[in-house]
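Hi everyone, thanks for making time. I'd like to walk you through one structure today, so let's get it up on the screen.

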Amino acid sequence: MGAAEARAGGPAAGTEAVDTDLYPLREPDGAAWAAVVSRVRDELANSGCCVLPDFIRGSLRERLRAECAAIAPRAHDDVETVNAYNIDIGTPLPGDHPGRITAERGNAFVARDLVPAGHIIHRLYSDPLFQRFVAACFGLPRVHELADPLSGLCLNVVKPGLGHPWHFDTNEFTVSLLTQQAEDGGVFEYCPNIRSAEQENFGDVRAVLTGRAGHLVRRLVLRPGDLQLFRGRYSLHRVSEVRGGTARHTAILAYSERPGVVGSVARTRQLFGRVLPEHLAAEGRAVRVDALLD
C-alpha cells in the first residue's frame with residue numbers, strides 16, 4: 001500500500017499516516033530529517049517540550065479521531081484523590097511537603113490490549129521509522145516499546161468537567177498525539193524543568209500547586225494531529241478542566257531506553273483498574289533512573 005492510498009482514505013499504517021512532506025520520516029539520512037530532529041532537540045533542551053503541528057495528514061485526522069472515539073468508552077474510568085507524585089496520599093511527609101497537597105484525578109485510560117492493531121495509533125506506535133525518529137529526537141541510540149501489555153500504548157480520555165491535575169511522569173520522556181480537542185478548556189500546562197534528577201525543588205513545586213507561581217507555568221493549546229514530545233519526569237504538568245460537551249482524547253505512545261519495562265502493580269491498577277501476570281512477575285525488578293520521590 002502506498003501513500004496515495006493512505007491519502008485517499010484507505011487503511012493507514014505507521015508513517016503512512018504522517019505528513020511526510022513536513023516530517024520526512026522515510027528519509028532518515030536526509031537533510032530535511034536532520035533539520036527537524038535538530039529543531040526538536042533544541043526545543044527539548046530549552047523547555048523540555050516540543051510540539052510538531054499537523055504531524056498526521058489532514059486527510060486522516062478525522063479517521064484518527066473516529067477510531068479513538070470509538071474505543072474511548074472502553075476506558076477505565078475512576079475519580080480518585082492523588083498528589084503530584086502519584087504516591088499513596090497517606091505517605092508520612094513533613095507538614096509543608098508538596099506531596100501533602102491533593103486533588104481529584106478524573107481522567108481515564110484505554111489500555112493497549114483494547115486498542116485494535118489496525119488503528120492508526122497502534123500502527124504508528126510499532127512503526128520502526130517512527131521509533132527511529134523518536135529516538136533521534138531524544139538523543140538516544142534507540143527506543144523500545146514497553147513490555148507492559150497495558151501501558152505501552154493507551155488512550156487518555158478527559159471528560160467535560162474533569163481534568164488531569166498537576167503531576168510528574170514516572171518515565172523520563174513521553175510521546176503523545178492529540179486525537180480529539182475539547183470544545184473549551186483542556187489546555188496543557190507545564191513548568192519546564194522545575195526539578196532535576198539531583199534536586200526535587202519542593203519550594204517551587206509547592207508554589208505552583210498553591211497558585212503562587214504563575215510565572216513558572218507555560219500553556220499549550222494543542223490541535224488534533226499534533227505530536228508532542230515531552231520530558232515529563234522533571235516538568236510538573238497538568239491538563240486544565242475540560243468544558244463544553246466534547247471529551248479530550250490523547251494517545252500516549254510510551255517507550256523506554258531499555259527493553260523489558262513493565263509498570264508497577266500499584267500504578268497499573270491505579271490507571272487501568274487491573275493487573276496482569278506480567279505485572280506481578282515484574283514487581284520488585286524495576287530499575288529506577290534517579291532517586292526522586294516519584
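This is a predicted model: local features need pLDDT of at least 70, side-chain atom pairs count only at pLDDT 80 or more; totals for chains, interfaces and linings use all residues.

Strands of a sheet pair through backbone hydrogen bonds, either parallel or antiparallel. Here we've got 4 strands in an open sheet, in the order β8-β14-β11-β12, and the pairing is antiparallel. At the edges sit β8 and β12, residues 218–220, each of them pairing on one side only. If you ignore direction, neighbouring strands in this sheet are turned by 15 degrees against each other on average.

Let's zoom in on one pair. Strand β11, residues 188–191, runs antiparallel to β14, and the two share 4 bridges. If you want a spot to look at, find Cys191: its bridge partner in β14 is Leu236.

Now the helix. Which strands does α6 lie across? Helix α6, residues 202–209, lies across β8, β11 and β14, and it runs at about 20 degrees to β14.

Last stop, the second largest pocket, with about 230 Å³ of space in it. It's lined by 16 residues, and the ones closest to its centre are Ala103, His164, Pro165, Trp166 and Arg238. Where does the lining come from? Well, β3 (80–83), β4 (102–105), β8 (164–167) and β14 (236–239) each supply at least two residues.

Notes: Residues are numbered from 1 along each chain as its sequence is written. Side-chain values use heavy atoms; hydrogens and water are left out. On a 1 Å grid over the protein atoms alone, a cavity is a set of points where a 1.4 Å probe fits but cannot get out, and a pocket is an open set with protein on both sides within 12 Å along at least five of seven lines; lining residues have an atom within 4 Å of a point. Grid points are joined across faces, edges and corners, and a volume is the space filled by probe spheres set on the points. Two strands pair if DSSP finds at least two bridges between them. Axes are lines fitted to C-alpha atoms, for helices over the stretch in contact, and angles run from 0 to 180 degrees between N-to-C directions. Contact means heavy atoms within 4.5 Å.
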